[in-house]
Amino acid sequence: MNNSLFDLKGKVIAVTGAAGVLAGGTAKYLLKEGATLVMLDLFQDKVDALVADCKANISENVSGYACNVLNQEILDGVYAQIMAEHGRIDVLINGAGGNMPGATIGPDQTIFDLNLDDYDKVLALNLKGTVMPTITFAKAMAEQKSGCVVNFSSMSAGQALTRVLGYSNAKGAIDNFTRWMAVELAQKFGGGIRVNAIAPGFFVSHQNRALLLNDDGTYTARGTQVINKTPMGRFGEQDEVNGCIHYLISDASKFVTGTVIPVDGGFSAYTGV
Ligand SMILES: NC(=O)c1ccc[n+]([C@@H]2O[C@H](COP(=O)([O-])OP(=O)(O)OC[C@H]3O[C@@H](n4cnc5c(N)ncnc54)[C@H](O)[C@@H]3O)[C@@H](O)[C@H]2O)c1
């Protein structure tokens, strides 16, 4: 893209959950747009395969590390490696997250059957798994006095989404953290550092496929409920989050911080009636 408002060339972008569907697809898109990408995900073999694929098909400006976003020692090590390699971090995309089957209240269960261990795990992944990398990587941004963080919220943050209590609680807290951190960084380190979030509607990914689709590709009962409440009448496609994230990390959104932008086919605008 030639428009300088959206120019990403030379920007160093770290992406957690980079082997996943949404953040992974966006990471590849940003690499194509001329940014330098650092791919982070749980397992070394997955990260290596992703980096090799990107180098072969998109650009050489990519590296990757195994990085558990809930392990501070690992985060510190990865931060040191990125700073040694590039000397700066311009963007952090907090893509690691998602629900876990054990933390879901089954169709025949109620809140009184909630498994609190799994609730804790899903809360940790989706909340601390964003807070910890942000605090770690934003140190570079504070020194540079520039940088952007993009978090992943969800439709479950603002309205009750049945069955997924821990996930919903965590995503509600992500909205709050997005605003809180936007204020903290702008007030103490200047307006060059911005923190925003996207709230995707429903996109078929590894973790929600079985909830939304039957084996033959038809909608499950829950999938049908979602489609009926989505005015556009379909699930999102991964590439439909790229533009919003590109906007949030470029100069096009220079005065935008602390926002949560739905990318949801109208789901959050509609009462369902
Ligand atoms: N798919 C959707 O419809 C949807 C909707 C709203 C929000 N989201 C959010 O978008 C984000 C990306 O979700 P997705 O649908 O692409 O899921 P995904 O499962 O495809 O990707 C998540 C990635 O996070 C990685 N991960 C898990 N635990 C980790 C850890 N401890 N450390 C580092 N990486 C870890 C996984 O290995 C995986 O590659 C999540 O925060 C999710 O909650 C997704």
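Trainee: Which side chain of opposite charge is nearest to Arg194, and how far away is it?
Mentor: Arg194 is buried yet has no salt bridge, and the nearest side chain of opposite charge, Asp251, is 5.7 Å away. Buried means under 20% relative accessible area, exposed means over 50%, and partly exposed is in between, with a 1.4 Å probe and protein chains only. A salt bridge needs a side-chain nitrogen of Lys or Arg within 4 Å of a carboxyl oxygen of Asp or Glu. For charge, Lys and Arg count as positive and Asp and Glu as negative, while His and the chain ends are not counted.

Trainee: Before I go on, what should I know about the model itself?
Mentor: This is a predicted model, in which local features need pLDDT of at least 70 and side-chain atom pairs count only at pLDDT 80 or more, whereas totals for chains, interfaces and linings use all residues. Residues are numbered from 1 along each chain as its sequence is written, and side-chain values use heavy atoms, with hydrogens and water left out.

Trainee: Back to Arg194, then: which backbone oxygen lies 3.1 Å from a polar atom of its side chain?
Mentor: That is the backbone oxygen of Ser250. Such a pair is a polar contact, meaning N or O atoms within 3.5 Å; within protein, one must be able to donate a hydrogen and the other to accept it, and residues adjacent in sequence count only if both atoms are side-chain atoms.

Trainee: Where does Arg194 lie, and what does it touch?
Mentor: Arg194 lies in strand S6, residues 193–200. Helices (H or I, at least four residues) and strands (E, at least two) are DSSP runs, numbered from the N terminus.

Trainee: Changing topic, how many residues surround the ligand?
Mentor: There are 29 residues around the ligand, and the closest are Val21, Leu22, Asp41, Tyr167 and Gln207; a residue is near a molecule if one of its heavy atoms lies within 4 Å of it.

Trainee: Which backbone atoms come up to the ligand's oxygen atoms?
Mentor: A backbone N or O atom of Val21 lies 2.8 Å from an oxygen atom of the ligand, and for Gly201 the distance from a backbone N or O atom to a ligand oxygen is 3.5 Å. A polar backbone atom of Phe203 is 2.8 Å from an oxygen atom of the ligand. The protein covers 90% of the 830 Å² of accessible area that the ligand has on its own, with areas taken from the Shrake-Rupley method with a 1.4 Å probe, and for residues only the protein chains shown count as cover.

Trainee: How many salt bridges are there in the whole structure?
Mentor: A search of the whole structure finds six. One of them joins Lys28 and Asp53, with the closest N and O atoms 3.4 Å apart. That pair links distant parts of the chain, since Lys28 is in helix H1 (residues 22–32) and Asp53 is in helix H2 (residues 44–57), 25 residues apart.

Trainee: What about Arg234, which residue does it meet in a salt bridge?
Mentor: The side chains of Arg234 and Glu240 meet in a salt bridge, at 2.7 Å from N to O. Arg234 lies in the loop between helix H7 (221–228) and helix H8 (242–248), and it touches Ile227 and Glu240, not counting residues up to four places away in sequence.

Trainee: Why does Asp118 count as buried?
Mentor: Asp118 counts as buried because its relative accessibility is 15%. The residue sits in helix H4, residues 116–144, and touches Gly102 and Ala103, again not counting residues up to four places away in sequence.

Trainee: Last one: what is the phi of Lys145, and where is that residue?
Mentor: Phi of Lys145 is near 60 degrees, a positive value in a residue other than glycine, and Lys145 lies in the loop between H4 and strand S5 (147–152). Arg163 also has a positive phi, of about 80 degrees, although it is not a glycine.

Terms used: Contact means heavy atoms within 4.5 Å.
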